[in-house]
Amino acid sequence: MSQLVRVEQFLRDLQQRICAALEAADGEGRFAEDVWQRTEATGGTEAAQSSASAPTSIHGGGRSRVLKNGAVFEQAGVGFSDVGGASLPPSASAGRPQLAGAPWRALGVSLVLHPRNPYLPTTHANVRYFEATPSAGEPIWWFGGGFDLTPFYPFDEDVRHWHRTAQALCAPFGASRYSEYKAWCDRYFFLRHRNECRGVGGLFFDDLNSGDFERDFAYQRAVGNGFLEAYLPIVELRKNLPYGERQREFQLYRRGRYVEFNLVWDRGTLFGLQSGGRTESILMSLPPRVRFEYMYAPDPGSAEARLSGYLQPRDWLSESQDGGQ
């Protein structure tokens with residue numbers, strides 16, 4: 001079995017397991033599925049599975065699954081994609097000039113969960129695999145991915161649990177793996193125009209090719225499988241906490257920062273749009289409801305003002321925090 005087929009099988013199964021676990025955690029909501037195929041060379045148009053079009057420079061498809069209006073999740077999107085093309089987009093080849101214009105294939109699972117309860121954080125996870133073949137040479141492969149947490153009303157025990165889970169899954173892969181990828185996450189999910197992190201971080205990695213496919217694939221599996229271990233305990237702790245209009249309005253305002261990051265800074269969004277990807281699947285990461293308010297500032301000393309102290313890089317595992325809410 002080829003490397004690519006093994007990765008594909010893992011990713012398809014991962015999507016299935018995550019969706020089943022999220023439905024169980026929600027209790028009411030169910031995922032609807034769109035199976036799509038990309039057949040146009042430009043513009044991101046998708047056709048039905050039956051399309052019998054002429055050969056094009058790009059190809060592929062995927063399964064987009066979205067849960068709407070659940071008891072716990074206002075919207076949850078979990079997508080699998082397997083796409084390729086004749087020329088690697090600029091967003092993916094900027095750091096690999098030898099691959100500019102090379103044929104490529106990319107597989108991944110990406111998810112974003114937007115809970116109803118403002119005390120339950122938004123979260124994102126992604127695991128992906130790329131292959132590109134330069135004009136002279138063998139295919140070059142690499143892995144990427146990670147997961148991160150975006151609370152609106154942070155609880156210190158939740159943040160520590162999140163990072164302890166990340167540290168534990170990294171431990172078999174070297175003493176510096178967690179600290180390196182945690183710092184990378186802090187740098188990546190940073191809104192430079194706001195001078196703040198998107199949330200409390202987690203793990204982020206890209207260009208992972210140590211020369212040992214088995215070891216790197218094992219790490220991708222650890223990250224993908226570790227997401228539920230990191231997030232579901234937080235869901236159980238926070239999903240039923242009482243909240244009111246004030247907390248809901250603050251959640252909607254802070255979701256605006258999530259939108260800002262995804263549309264201004266996120267390389268994954270840019271890659272998808274540059275490669276002519278399926279727009280609805282790319283943008284299903286955006287929240288279903290959001291609000292913007294000019295020059296908003298929380299009241300000093302309020303629970304809302306407290307969030308700003310969590311939006312700069314910190315060592316969550318060695319610091320003594322303030323005890324949560």
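Biologist: Is Asp207 buried, partly exposed or exposed?
Modeller: In this predicted model, Asp207 is found in strand E10. Its relative accessible area is 40%. Buried would need under 20% and exposed over 50%, so Asp207 counts as partly exposed.

Biologist: What is the phi of Asp207?
Modeller: Asp207 is a residue other than glycine, yet its phi is positive. The value for Asp207 is near 55°.

Biologist: Where is Asn195, which has a positive phi although it is not a glycine?
Modeller: The phi of Asn195 is about 55°.

Biologist: How does Ile140 count by relative accessibility, buried or partly exposed?
Modeller: Ile140 is found in strand E7. Its relative accessibility is 28%. The limit for buried is under 20%, and Ile140 therefore counts as partly exposed.

Biologist: Which residues is Ile140 in contact with, leaving aside its neighbours within four places in sequence?
Modeller: One of them is Leu99, which is 41 residues from Ile140 in sequence and 8.8 Å from it in space, C-alpha to C-alpha. With those neighbours left aside, the contacts of Ile140 are Gln98, Leu99, Phe130, Glu131, Ala132 and Pro134.

Biologist: How are H3 and H4 oriented to each other?
Modeller: The axes of helix H3 (residues 156-170) and helix H4 (residues 177-188) come within 8 Å. They cross at roughly 130°, and the crossing is right-handed. Roughly antiparallel would need an angle over 145 degrees, so H3 and H4 are oblique to each other.

Biologist: Which residues of H4 meet H3?
Modeller: From H3, the contact involves His163, Ala166, Gln167 and Cys170. By class, the contact of H3 with H4 has three nonpolar, two polar and two charged residues. On the H4 side the residues are Arg177, Tyr178 and Lys182.

Biologist: How is H3 placed relative to H5, roughly parallel or roughly antiparallel?
Modeller: The axes of H3 and H5 come within 9 Å and cross at roughly 160°. An angle over 145 degrees is the cut-off, so H3 is roughly antiparallel to H5.

Biologist: How do the residues of the contact of H3 with H5 divide by class?
Modeller: The crossing of H3 and H5 is right-handed. From H3 the contact takes Glu157, Asp158, His161, Trp162, Thr165, Leu169 and Cys170. H5 contributes residues including Tyr219, Phe227, Tyr231 and Leu237. The division is 12 nonpolar, three polar and four charged.

Biologist: Which elements do the buried residues of H3 pack against?
Modeller: The buried residues of H3 are Asp156, Asp158, Val159, Trp162, His163, Thr165, Ala166, Leu169 and Cys170. They pack against strand E6 (122-132), strand E7 (140-150), H4, strand E10 (201-208), helix H5 (213-238) and helix H9 (303-306).

Biologist: How far does H3 reach from its first C-alpha to its last?
Modeller: H3 has 15 residues. At 1.5 Å a residue, 21 Å is expected. The reach in the model is close to that, at 21 Å.

Biologist: What share of the contacts in the protein with a separation of 6 or more comes from residues 24 or more positions apart?
Modeller: The protein has nine helices and 10 strands. Of its 325 residues, 55% count as buried. For the contacts with a separation of 6 or more, the share from residues 24 or more positions apart is 71%.

Notes:
Residues numbered from 1 in each chain as written. Predicted model: local features only at pLDDT ≥ 70, side-chain atom pairs only at ≥ 80, totals over all residues. Heavy atoms only, no water. Axes fitted to C-alpha atoms, helices over the stretch in contact; angles between N-to-C directions. Helix = DSSP H or I, 4+ residues; strand = E, 2+ residues; numbered from the N terminus. Parallel < 35°, antiparallel > 145°, perpendicular 65-115°, else oblique. Left-handed = near helix turned anticlockwise from the far one by under 90°. Contact = heavy atoms within 4.5 Å. Nonpolar A, V, L, I, M, F, W, Y, C, P; charged D, E, K, R; others polar. Expected span 1.5 Å × (residues − 1). Buried < 20%, exposed > 50% of the residue type's maximum accessible area, 1.4 Å probe, protein only.
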